[in-house]
Each structure stands twice: as structure tokens, then as C-alpha cells.
Amino acid sequence: MEILSPRDVPLGGVRAMSVRRTLPQRQRTFVGAWCFLDHYGPDEVDAQGGMVVPPHPHTGLQTASWLFSGEIEHRDSAGHHAFVRPGELNLMTAGRGISHSEYSTPGTTVLHGAQLWLALPDDARHVDPGFEHFTPDPVTGDGWEARVFLGSLLGSTSPVRTYSPLLGAEIRLDAGTVLHVPVDPAYEHGVLLDSGALTIGDEALKAHELGYLAPGDDALEIVAAEDSLLLLLGGPPFGEQIVMWWNFIGRDHDEVAGYRAQWQHLLDEGADERFSLPDDDPLPALPAPALPNARMVLRG
Ligand code: MN
């Protein structure tokens, strides 16, 4: 198992929270199509600031929001206004272009969860923007409980459509539980441990680490040394190279620079052929940072 340790990244804004980022890293861009893993909390919103992310754009990806506690209000330029709550998947498809905002709600005292990005494969990355909501029924066994929000695991299958084969699930384990998890041997997997302590095979994983497992195994043997909460992510190796910069995914420098110019065009002129803004947002949209001096490079 390859262990990826998080780095702390401020989410932006005055008094705003910071997140633990385990993907992308220098040595790894993908786990399947999963290409961006931000994990946060439990944060006391009064002390650490809540989530205050004004309208900003995305292209070429889907965002999956998954909470353990708290509530986030979502607005997007495709007309969706939704509340993200624990145990409920909110999957936003950016496709050819969307903008959205995310604010923790006034009633939220503790915010705890993850925001994950999925790269869209080349044949799907220009689809129309969209938004889906799904609440999986938990599946349980002796000392464990799982919520499968994308793909199939442990006898539970999510109906949410994806553009490449994917797995996403929350698993809770009581201390001492040994869980045998049959998996697709064509998939690579990532185990993001929120809390507790585990071994997978004979290798230990600590809280906040991402354990990467290459394809080839038809089962994972997870042993919980403590009460543990994890996200299990997977998919076949993505097999395409991407350029990721700010909130955009594209296929080369010029394409991403073009997305940036179109977003700035919207902010400067009030209209753009690719991007628009969510209705009734309480805060002004975020301008894009300056482009890097060097040309952006393909990863993956
Ligand atoms: Mn976003």
C-alpha cells in the first residue's frame, strides 16, 4: 500500500476553514477517475470558520460532496439550489462549464466531510452541466456499516450514473472488526481514513492518510484496530492525461487558459458563452488567479 499524507490548504476567504488535501500529489494524480480529495473537520464552525466558497467555475469534472456532519447550501449556474447533508451524495457535473457556490448553513456548528473531484473522460467532458442527489440505504454486518454512493460494494449498488466505472462508499467499523470486502480486480483503490486506525493486508493506515492500492486484488481485508470511519474510492486506471489548474480540468495549457479567459470575461462583461452565475447568490464571484508563468503540464 502506498501511503499519501495530507497537506493543509486554506480554502480561501477571511476566517475560512482549511482542508486536508491528499490528491493530487507529486507522485499520484488519480485513483481511478478520482483526482482531487479534500477532507475537513470535524471543525467547530464558530472557532475555525465555516465553508464560505463564493461562485467559482469548473470544467471537465464532477464534484462529489459527502458530509459526516453539518450542512452546506449549494447553488449553481444550471439552476440547482440544494442542501448537502450527512449520508447524502450530491454530485455536480461541470461538463463543458458550470459555476457554483458552497456555504455552510447558519445552523451548522460542526462541519465534517469531504469534497472529491472526478475527471470526466474525453468523450464526456463537454456534456451539459447537471446535479444529482442520492441517499444510499446503509448495508450492515457484524461490526460494520456501509453507504455506497457510487458503484457497487458489499451487495449495494448506487443508481447514480457515472461516465467511467467508479466506486465511492463510506464504511464505519467497530474496533476489532475484520471486514472482507470483495472488489473488482481491474480497479485501483484509495482508502481515506477519517478517524480510527486500520490495517489493510498487513499494512497500517493512520487517520487522515490515503492508502493507495494498485489493481490486481479481488478482495480487501480491513482490520479495525479502533472504531474507524473511512471512504473507499476506486475505479479502473483513468488512462488519460489531464491539465488541472485552479478549478478547471482540460487537456492542454491553451484550453485551460481559454477557460480562465472566458470566466474573467463573464466577470468583466456580465455575460459569456461558456459560463454564467448562480441566481441570487449572496456573495460576488471569485476572480481567477493569474496564470502560471510556465506552461501547464499534463499529469497522470
Ligand atoms: Mn467547486
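**Reading the metal site, cavity and cores**

Q: Which residues coordinate the manganese ion?
A: Donors are N, O and S atoms within 2.8 Å of the metal (3.2 Å for Na, K and Ca), and sites may look incomplete because water is not among the atoms. Here the manganese ion is coordinated at 2.1 Å by H56 (NE2), H58 (NE2) and H100 (NE2). Along the chain, these donors follow the spacing H-x1-H-x41-H. H58 in strand 5 (residues 52–58) and H100 in strand 10 form a pair linking distant parts of the chain, 42 residues apart. Strands (E, at least two residues) are DSSP runs, numbered from the N terminus.

Q: What should I know about the model itself?
A: It is a predicted model, where local features need pLDDT of at least 70, side-chain atom pairs count only at pLDDT 80 or more, and totals for chains, interfaces and linings use all residues. Residues are numbered from 1 along each chain as its sequence is written, and side-chain values use heavy atoms, with hydrogens and water left out.

Q: Are H58 and H100 buried or exposed?
A: Buried means under 20% relative accessible area, exposed over 50%, and partly exposed in between (1.4 Å probe, protein chains only). Both H58 and H100 are buried. L11, by contrast, is partly exposed, with a relative accessible area of 25%. L11 is found in the loop between strand 2 (7–10) and strand 3 (18–23).

Q: Which residues line the largest cavity?
A: On a 1 Å grid over the protein atoms alone, a cavity is a set of points where a 1.4 Å probe fits but cannot get out, and lining residues have an atom within 4 Å of a point. The lining of the largest cavity is T63, S65, H74, V84, N90, M92, H100, E102 and F131. Strand 6 (61–69), strand 9 (89–93) and strand 10 (98–104) each give two or more residues to this lining.

Q: Which residues touch the most other members of the largest nonpolar core?
A: In soluble globular proteins, nonpolar side chains tend to be buried together. A nonpolar core is a set of buried Ala, Val, Leu, Ile, Met, Phe, Trp, Tyr and Cys residues joined through side-chain atoms within 4.5 Å. The largest one has 40 residues, of which W34, C35, L89, L116, L150, L231 and I249 touch the most other members. Strand 11 (110–119) gives the most to this core, with five residues.

How values were computed. On a 1 Å grid over the protein atoms alone, a cavity is a set of points where a 1.4 Å probe fits but cannot get out, and a pocket is an open set with protein on both sides within 12 Å along at least five of seven lines; lining residues have an atom within 4 Å of a point. Helices (H or I, at least four residues) and strands (E, at least two) are DSSP runs, numbered from the N terminus.
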